[in-house]
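Student: I'd like to learn how to read cavities and salt bridges in a model. Can you walk me through them?

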Amino acid sequence: MILKKTLFLAAVMFTVCLSTFAGELQLCKDGKAEYGIQFSKTASAVDQFAVQELQKHLTAMSGATFAATQNKPAGKTIFVGLSPEAMQILGKDCLIQQLKDQDTVIQSKNGHLFLYGKGRHGNLYAVYELLENQLGCRWLSGFGNGDYIPSKKTITVSDSLKKSSYALPRRALMNWFYRDKDTYRLYAYRNRQNLLLNIGTPHNGIIQDVDLKGPGVHVLSTILPGFTKRYNKASSLFKIQDYFAIHPEWFSLDEHGKRVNNRQVCFTNKELRKELTKNLMAYYADLEKKANAKYFHTLDLNDIAYNMCYCKECQALQKKYQTPGGSFFDYLFELCETYPDKEFVTLAYQKSLTQKAPVGFKKYPKNLTIIFAPINGYFTGTFDKENTEDRTDLENWLKITPKVWIWYYPNTYNSPLPISAPAGGFKRIASDIRTMARLKVDGSYFEHDGGGASSGTNLTEMQSYVMYKLFQNPALDEKELMKDFAVHYYGKAADLVMQFVNEMEKSLDDFVAKGGFGYYSFQKYPYLTEKNFIRWNALLDEASKKIDPAHKVRIDLLRMGLDCCIVDHQWLDQKYEPMVKACKERLLQTARYIDKNHKVVSNVTKAVKKFLEKIDARGFMKPVPQELLAKYPADAIKVLLPAQNAAPKLRASDPDANQKFALVESWNGKKFSLGTYSPGSKRYGPGLAISGANVVKGKYTLYKLNKTTTLTPDMFVWGGQWGLILRMGQYCRQDDPKSLSQEWDIYVSLKFTDDKVYMDRGFLVKADASLAMKPIPQELLSKYPAADIKVLLPSQSGSKKYQAVDMDANQNFALVEPWNGKKFTLGTYAPKSKSYGPGRAIFAENIVKGKYSLYKLNNSTTLKPDMFVWGGQWGLILRMGEYCKADDPKSLSQKWDIYVSLKFTDDKVYMDRGFLVKAK
């Protein structure tokens, strides 16, 4: 893929060309600098850092040394900032008075180049605008392995005037999980992040846009000890470490009239307010003293989504201010007014708590910043479509204050895998950033630590790049930004990577378009199918071959979530074992790379090893039993697995069992009961009582429950004394009406011995599913009208030894017999009259091997009600009597030609159907 960079880059950063193209400035030629760099003698630390960044990148590009000075320049000069000399040359052409904070200008005059902007970072951002959007530099990873600096022995830049501005004044992605905070901070700074930068080793040139440290989150339990352990750890600063033991009346009153310490506090209690204020001020005074810096004073609630307090006074304030957070806001606004010299922050978080803005306040505090965190929204939806309630709440906050930041969630959480399943969501992210810019949100505060971000895996590095660019200019096309990242990060493998990404994005779009949605813990992405696993694995294998070998690990990081999914998948076909094995080996190798080079907070290798141990313990799945595949399409059958975390006395290793694992119970040899149960509704569903006389001993056999049923998310199968459990809720969701209305048949696989019962798996089968018939062969339809053709199906009630599941066969089912490779005989017979009818001998030279073909019997015939087709040793049977009746003379006189569908192999003959055709 060749990206048209000039067209793309010309659009970046709200850039406006304010004069016609007049030519180029040649900054260096053949590795020798033709320009020097000049900056003001009063330059700030940030401006001096800007000069260092310019020097560093220009030298890395060209090998040339660009001298920097604060003195009067001699010769052609790049001015960083507006020194007196720069102002003298620019004169009335200087645009500084037209700029707002963070706006930048790149312009030329008299052969000189001027890089300047407004505000603390204006001059630095002008440098980065030049490096990125004119000279092609990219900073692509916070883990320090993604800088792209093009090689240019001769560097030229346009001498046309360019002005840039940024859509979101405050810009931030989360960074708590980076161990190498200095490396991350530099990466973020270059991508114009200007919040959450007060981390790592102090550096005069790297500072954030606001002077305060923080803010923190969920501070309530930190400053008021006494909540249960599930909340943030209480500060040791306070003498009282259990307020609940002393003042239970300060804590939430639950819906049953009981004071509890697992929710919030009663903000209408005046004594509570006094103590909370005292502790809050003491806590931040202590932090500021230790850090020798000023802090945002954060006060927000515990992370639990229950109504705050049911006492009469709190409920009255909720009603008065028309928000569940009414009593909290009543206290918080009073606190802000009491301390006008402090800057406060709170979360607008959880619809049942503080997401909804209060109404009716006469005076809103000017020293309060709201961080709007819509965690209850659809993580597959946008503010402008699926999450309009969230957008309305955001708009209501913006009506009462401009100081609103967005705490946004690019990815979902709670993956059971060591690395989350692959997901992009670029369309959703881009749409919501555009909405934020349109509504004039003050800042982004994105919790970009899920989906693999904390390890630098999956598509999270690409997500970071796209978000940074859209924070600056939301008018950019996210697809072009994705391509731009892929070209610079994956090189020759960019096309294959983008194919992988686009296919995932298309699948997610289709899922949403059909009404699908997911919450913060949503992990069952609809595109995670066997077909896509196989396809994408092969695609990324090819990408690994195409990328520069020095960067192959980038593909390994990209595919790590996919590898986890492939390893975790319950493969039914042993032929995929080599693919799974390769994924396991790559997972361990990539995990070790992450721990060594990315230096993340958690030990990825340890997590992957633990995951693989569980996978290896369960082994490969056995195939779905043929007796099910003979009746139902494979995609109508769902497998149920017994829990491996059951009590030790219930767990059993069994070589006969699926994955060599079963649950086991004793039984009395007389009767064994199975059933289903839903705890939430306390309702029993279908069941089955198996008598000792009807069991099959010594091998796993399927037993079908007595009725079909719909499912509930908490429904399970139980056996015996309820030690044998199969969960079924994963196949239905409360937010998916179709899954709740689907009816299922339930089969349970049991093995009986004299005193024990083993259960190794179960099956849900869609009750309305049946295998579709193959169409009538074209060779018949070309000769006969379809109405003159009747289908004969092989018997499924005969001996099991003659029955076979065959994916080539009609309805995946056939009858099978051995043959000698020389001659095979077919015929017809009517038992009552003991009369034979038409037949045929098929010789080896006349057969077609490996596929079903039609063989016509040698004569036409009338039918009798008991007449059938037989084949070979009479194991292959087709009944025909249904097409004639003893009381219907016309059917008895109708003559038919008979065709039989057979497939020959070297030693077997398969029969999947036959056809009666009205003889002409």
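Tutor: Here we go through cavities and then salt bridges. This is a predicted model, where local features need pLDDT of at least 70, side-chain atom pairs count only at pLDDT 80 or more, and totals for chains, interfaces and linings use all residues. Residues are numbered from 1 along each chain as its sequence is written, and side-chain values use heavy atoms, with hydrogens and water left out.

Student: How many cavities of 30 Å³ or more turn up in the whole structure?

Tutor: A cavity is a set of points, on a 1 Å grid over the protein atoms alone, where a 1.4 Å probe fits but cannot get out; lining residues have an atom within 4 Å of a point. A volume is the space filled by probe spheres set on the points, which are joined across faces, edges and corners. Here, the search gives five cavities of 30 Å³ or more. The largest cavity holds about 70 Å³, and its lining includes Tyr378, Arg428 and Asp432.

Student: And how do I read a salt bridge?

Tutor: Side chains of opposite charge can pair when their charged atoms come close. The rule is a side-chain nitrogen of Lys or Arg within 4 Å of a carboxyl oxygen of Asp or Glu, and the count comes to 47. One of them joins Asp93 and Lys109, with the closest N and O atoms 2.8 Å apart.

Student: Which other pairs are there?

Tutor: Among them, Glu343 and Lys403 meet at 3.0 Å, N to O, and Lys584 and Asp616 at 2.6 Å. Salt bridges that share partners also join Lys351, Lys356, Glu389, Asp390 and Asp393 into one network.

Key: On a 1 Å grid over the protein atoms alone, a cavity is a set of points where a 1.4 Å probe fits but cannot get out, and a pocket is an open set with protein on both sides within 12 Å along at least five of seven lines; lining residues have an atom within 4 Å of a point.
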